[in-house]
Amino acid sequence: MAQLTDAANHEQDITETLYARFLLRRINTTGALAMIREVPLSQPVTVPLQNTHMASFDKTIANHGVSCLTANTITSLQVNVGKVCNQTCHHCHVDAGPQRIEIMTVDTMDMVLSVLKRYPQIATVDITGGAPEMNPHFEYFVTECRKLNRQVIDRCNLTVFFVKGKGHLPQFLAEHHVDIVASLPCYLENNVDEQRGKGVFDRSISALQQLNALGYGLEGSGLHLHLVYNPLGPNLPPSQRELEIDYKQELLTRFGISFNNLYTITNMPIRRFLDDLEANGQTDQYLELLANSFNPASLPGLMCRSMISIGWDGILYDCDFNQMLNLTTHPSSPTTIADFDIQTLEHRPIVTGTHCYGCTAGSGSSCGGSLTEEKTVSRS
Ligand code: SF4
Ligand code: SF4
């Protein structure tokens, strides 16, 4: 009972924090200072959505029999090794860029490695950023994770291979059998450059060709190369399976490129993407689209149920999105890598908010793509 009360209090705190942030954004972009007096901070995060007649995320899942979203068996650690990136994409939920200074230290990496040693059931280390390879200790961390026989995923923006001093990365990743999940929001140059910056498309194609030359994405090589698609604007992704067929055909015909799977990911209404929505007056419309597309079949596979996200400073979160909103794991469970305890974390309540509609809309969305569409079989 006490735990339930704590959970309710924490939810209220989060609600207030999120709502305060939302209001600040609105005030910054519209100058509507009157809003702060009209709507007190004690009201829930769903308040700004009342205009669009939407229910809160928690109410919606409760209507589908889930009174509290809780974690399950933890099979993966998603480690954010820093916010530095060589790009500054429009949709970035991390607010990453060359000017950021947050970097995971070797000491914190060693604490993550110690958790892996303690819990062999955690099979996967999913390394993200920023551009994770911009962390000067990236190679150390990958090498040590592989020594522990874990599957390692590198969330790679591809253009990092062309940063001075990073040209060795394709070979390094291949030698260590690291799975690569690479962003490529379209197979057309204009669309990619519009979202990710001028010249990004050409460099991405060149990087993919380098990876193919090493065996990545080719049948029988054992080197996995997956691509990530996210919509250019405030829309849901199309069918992952159908888009994958198009991508494979177009990339092979135009550039001779092969890859394993395509992951479609919904843009989350946070950080830079939310800034864009606000600037274009599309926030309500997008949130309404996400909420109206709620798909209960996505709930069992939500990534927060099977992973822990670790911030560059060792703080624990339910997912990378909660991390970017500074929503740490529930206080009834460990909140730092130093206190990591898998038994408690596997039963923790997940910290939810309106942004969670981004994971449950349409086919569902996660760092591994759609949650309800079957993936094609990868034979690499
Ligand atoms: S979306 Fe990825 S590549 Fe683009 S700025 Fe953010 S972290 Fe960097
Ligand atoms: S944003 Fe998605 S992954 Fe994160 S807590 Fe919400 S539902 Fe789970």
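Me: Of the 380 residues of the protein chain, what percentage count as buried?
Reply: Happy to start there! A residue is buried if 20 or more other C-beta atoms, placed from the backbone, lie within 10 Å of its own, exposed if 12 or fewer, and partly exposed in between. Here 45% of the 380 residues count as buried. Please keep in mind that this is a predicted model, where local features need pLDDT of at least 70, side-chain atom pairs count only at pLDDT 80 or more, and totals for chains, interfaces and linings use all residues. Residues are numbered from 1 along each chain as its sequence is written, while chains are lettered from A and ligands numbered from 1 in the order in which they are written.

Me: How many helices and strands does the protein chain have?
Reply: Helices (H or I, at least four residues) and strands (E, at least two) are DSSP runs, numbered from the N terminus. This protein chain has 14 helices and eight strands.

Me: In what order do the eight strands form the sheet?
Reply: Strands of a sheet pair through backbone hydrogen bonds, either parallel or antiparallel. Two strands count as paired if DSSP finds at least two bridges between them. In this model the sheet is open, with the order S6-S5-S4-S3-S2-S1-S7-S8 and mixed pairing. Its edge strands, S6 (262–264) and S8 (316–317), each pair on one side only. For a parallel example, look at S3 (residues 151–156) and S4 (residues 179–183), joined over four bridges. There, Ile153 stands opposite Asp179 in S4.

Me: Which residues of helix H10 are buried?
Reply: In H10 (residues 271–279) they are Phe273, Leu274 and Leu277. These lie on the same side of H10 because they cover an arc of only 100° around the axis, taking the directions from the helix axis to the C-beta atoms. Just after H10, Gly281 takes a positive phi of about 65°.

Me: Which residues of the largest nonpolar core touch the most other members?
Reply: A nonpolar core is a set of buried Ala, Val, Leu, Ile, Met, Phe, Trp, Tyr and Cys residues joined through C-beta atoms within 7 Å. The largest has 91 residues, and Ile180, Ala182, Val228 and Tyr357 touch the most other members. Helix H8 (residues 200–213) gives the most to this core, with six residues.

Me: Which residues are around ligand 1?
Reply: A residue counts if its C-beta atom, placed from the backbone, lies within 6 Å of the molecule. Around ligand 1 you will find, among them, Cys85, Cys89, Cys92 and Asn157.
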